[in-house]
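Trainee: Could you show me how to read the way helices pack in a model?
Mentor: Gladly, let's look together.

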Amino acid sequence: MSVEIKPGPELDRAVAEVIGDPLDRSHDWEHTGLSGYHVSFFRCRACGDLGADEWEPYDDPEDPCIKPYSTDLNAAFAAAERAGLFSETFWRTLGMDELGETWGVFEQDGSVKRSVGRDQAPTPALAICEAVLELKH
Ligand SMILES: [Zn+2]
């Protein structure tokens, strides 16, 4: 699998696929408290998508509810848990590189500490997404 590691819906979808997040899941709408024409009355609690109108929130089957794994750290940790990234079998930790500039998921292999993902990520959420994809690919 070759997915560009940059935050956004494409990466979110790739992560959802490898962790087996059901792609046909529908949104969890909540009322925004707004009223009037041309405003979104509903927002999805899970992914932040906006609904169209008061009587029938927009729910396109081509636009399933996928959590923002690549931009939201809580969602990223949920994906990590689902993928068993931080399971007890491996001593994996989320951390920064030696220079403190980029994020990665590292595992200890004997005396060698190596990164699970291919590249060093600019945010912890991206580091987790990258490691989850690497693990499951
Ligand atoms: Zn949603």
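**Reading a helix pair**

Mentor: Helix α2 passes helix α3 in a left-handed crossing (the near helix is turned anticlockwise from the far one by less than a right angle; clockwise would be right-handed). This is a predicted model: local features need pLDDT of at least 70, side-chain atom pairs count only at pLDDT 80 or more, and totals for chains, interfaces and linings use all residues. Residues are numbered from 1 along each chain as its sequence is written. Helices (H or I, at least four residues) are DSSP runs, numbered from the N terminus.

Trainee: Which angle do the axes of α2 and α3 make where they cross?
Mentor: Two packed helices are described by the angle between their axes and the distance between the axes. Here the axes of α2 and α3 cross at roughly 20° and come within 9 Å; they are lines fitted to C-alpha atoms over the stretch in contact, with angles from 0 to 180 degrees between N-to-C directions. That makes α2 roughly parallel to α3 (under 35 degrees).

Trainee: Which residues make the contact?
Mentor: Among them are Phe77 and Ala80 of α2, and Ile128 and Val132 of α3; contact is C-beta atoms, placed from the backbone, within 7 Å. The residues of this contact divide into 12 nonpolar, no polar and 1 charged (nonpolar: Ala, Val, Leu, Ile, Met, Phe, Trp, Tyr, Cys and Pro; charged: Asp, Glu, Lys and Arg; polar: the others, Gly among them).

Trainee: What do the buried residues of α1 pack against?
Mentor: They pack against α2 (73-83) and α3. In α1 (residues 9-19), the buried ones include Leu11, Val15 and Ile19 (20 or more other C-beta atoms within 10 Å of their own). Gly20, with a positive phi near 75°, follows α1.

How values were computed
A residue is buried if 20 or more other C-beta atoms lie within 10 Å of its own, exposed if 12 or fewer, and partly exposed in between; C-beta atoms are placed from the backbone. Helices (H or I, at least four residues) and strands (E, at least two) are DSSP runs, numbered from the N terminus. Two residues are in contact if their C-beta atoms, placed from the backbone, lie within 7 Å. Angles under 35 degrees count as roughly parallel, over 145 as roughly antiparallel, 65 to 115 as roughly perpendicular and the rest as oblique.
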